[in-house]
Amino acid sequence: MSPPWKKTIYKSVLLSFALVVTMMLLQKGNIPNQFFQSQPQKSALSQEETIKTQKRGEVMSLTNNFWKKAVDIPPPAVKATEKVVTSWDVTATNCTANLNFTREDWFKSLEPHFQQFLFYRHCRYFPILINHPEKCSSEIDLLVVVKSVITQHDRREAIRRTWGQERVLDGRKIKTLFLLGVASKEEERPNYQKLLEYEDRIYGDILQWDFLDTFFNLTLKEVHFLKWFNIYCHHVRYIFKGDDDVFVSPENILEFLKDQKGGDLFVGDVLVKAKPIRKKENKYYIPDSLYSKTYYPPYAGGGGFVMDGPLAKRLHKASENRELYPIDDVYLGMCLEDLKVAPVAHTGFKTFGLVKNKNSKMNREPCFYKSMLVVHKLQPPDLLNMWDLVHKHLSCSQKANIL
């Protein structure tokens, strides 16, 4: 056993050695970087400053100067991690008017409904009132998504009895959803809401959010669906999205999709070099102060179009970097342009009717409908009648080869 004085000497030697090594490391500045990260204090950004530099549409690069070193060695790549959202995460409506531009002359000259739109354009997402995440719990070949209004129960009922039937067609699964806001007239809201909730208990096919169902809010309906789809739907191959006053042939859509090889498919009745309408009496009127370019980007008429499921997720991300625009189908065209995706025109999509003359008998000829993918516009009795004509023993001398 060693004497106590020897133990004291050993401890002193070891302590002295450790101190010498530490001093040498401090003098050379070689503190292991996995434990400490030396950053110039003047370059450090507060969280608030970081947010300010990432305004929509003008993302600024702050890292170039921050990471410059004496030796030009590229920093290791750092993967940005996105927050994974697994359920609808908007639970309250905290939205106040943006009054920043009320003193501007261009704003004062706008019609009241455009002023209202601009006051609240930044209010992008609202709470969900009726949700059905289970719709996307399994693989779906075609998700049918229909824009509807709370008061138009008859249109939804006609669609469920015709092209919106949930079924398996030649081994391919079809599911249906209706997108709604709340009744625009306050006095009608409680009664219509009760009726809608009862309707949903029967069919289980409604998504509803807490915003007013108005024309300018159709774009809200678009971005809410894209966000919902991004959260809940991971096994949807294609989406048909359309209005509640159209005739649709799921059989012809699936037949067309058989030959598609995948990718960024977005197909419909595409408008190229469409000009913004400047006549104030027109429903689609847009003032110069809201859109000053001569032409819109190419876009598909909102009556009905088909897109890839994966593209819908990319559109969601693109939409979050775009200010909302009053016309929903044009807004989607803007998002497609941002993604550098060109919508594809198809003659089977007739979102302005079969022929321009609305009184033409051709617009009611079932043999034409038999060959189409989407035709606009039919009221519920006409839709039910046309569906029966097309799907009964219809004898047509010639079927158009459009698929």
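Select Tyr 296 to begin: this residue is buried, with a relative accessible area of 6%, where buried means under 20% relative accessible area, exposed over 50% and partly exposed in between, calculated with a 1.4 Å probe on protein chains only. The model you are looking at is predicted, so local features are described where pLDDT is at least 70 and side-chain atom pairs where it is 80 or more, while totals for chains, interfaces and linings use all residues. Residues are numbered from 1 along each chain as its sequence is written, and side-chain values use heavy atoms, with hydrogens and water left out.

**Aromatic pairs**

A search of the whole structure finds 23 aromatic pairs, a pair being two rings of Phe, Tyr or Trp (its six-membered ring) whose centres lie within 6.5 Å, with planes under 30 degrees apart counted as stacked, over 60 as edge-to-face and the rest as tilted. Go to Trp 106 and Phe 107, an edge-to-face pair with 6.0 Å from centre to centre and 90 degrees between the planes. Trp 106 is partly exposed at 34% relative accessibility, whereas Phe 107 is buried at 3%.

Now return to Tyr 296 and Tyr 325, whose ring centres are 6.0 Å apart and whose planes stand at 80 degrees, so that this pair is edge-to-face. Tyr 296 lies in the loop between strand 8 (266-271) and strand 9 (299-308), and Tyr 325 in the loop between helix 10 (309-319) and helix 11, so the pair ties together parts that are 29 residues apart in sequence. Helices here are DSSP runs of H or I with at least four residues, strands are runs of E with at least two, and both are numbered from the N terminus.

For a group of rings, select Phe 114, Phe 117, Phe 215, Phe 216, Tyr 284 and Tyr 285, which ring pairs link into a cluster.

**Helix 11 and its neighbours**

Select helix 11, residues 328-338. Of its 11 residues, 9 are buried, so this helix is largely enclosed by the rest of the structure. The buried residues include Asp 328, Tyr 331, Gly 333 and Cys 335, and what covers the buried residues of helix 11 includes strand 2, helix 8, strand 8, strand 9 and helix 10.

Two packed helices are described by the angle between their axes and the distance between the axes. The axes are lines fitted to C-alpha atoms, for helices over the stretch in contact, and the angles run from 0 to 180 degrees between N-to-C directions. Show helix 8 (residues 218-232), which packs against helix 11 at an angle of about 45 degrees, with the axes 8 Å apart. That makes helix 8 oblique to helix 11, since angles under 35 degrees count as roughly parallel, over 145 as roughly antiparallel, 65 to 115 as roughly perpendicular and the rest as oblique. Leu 218, Thr 219, Glu 222, Val 223 and Leu 226 of helix 8 meet Asp 328, Tyr 331 and Leu 332 of helix 11, contact meaning heavy atoms within 4.5 Å.

Then show helix 10, whose axis comes within 9 Å of that of helix 11 and crosses at roughly 95 degrees. Helix 10 and helix 11 are therefore roughly perpendicular to each other. Leu 311, Leu 315, Ala 318 and Ser 319 of helix 10 make the contact with Tyr 331, Leu 332, Cys 335 and Leu 336 of helix 11.

**Helix 6 and helix 7**

Move on to helix 6 (residues 153-161), where Arg 155, Arg 156, Glu 157, Ala 158, Ile 159 and Arg 160 are buried. These buried residues pack against strand 2 (140-147), strand 4 (172-182), helix 7 (189-203), strand 5 (206-212) and helix 13 (380-391). Helix 6 and helix 7 pack at an angle of about 10 degrees, with their axes 12 Å apart, which makes helix 6 roughly parallel to helix 7. His 153, Arg 156, Glu 157 and Arg 160 of helix 6 make this contact with Leu 196, Glu 199 and Tyr 203 of helix 7.

Zoom in on Arg 160, whose charged end sits over the ring of Tyr 203, 3.9 Å from its centre; the criterion is NZ of Lys or CZ of Arg within 6 Å of the ring centre and within 35 degrees of the ring normal.

Finish at Gln 193, which lies in helix 7 and counts as buried at 15% relative accessibility.
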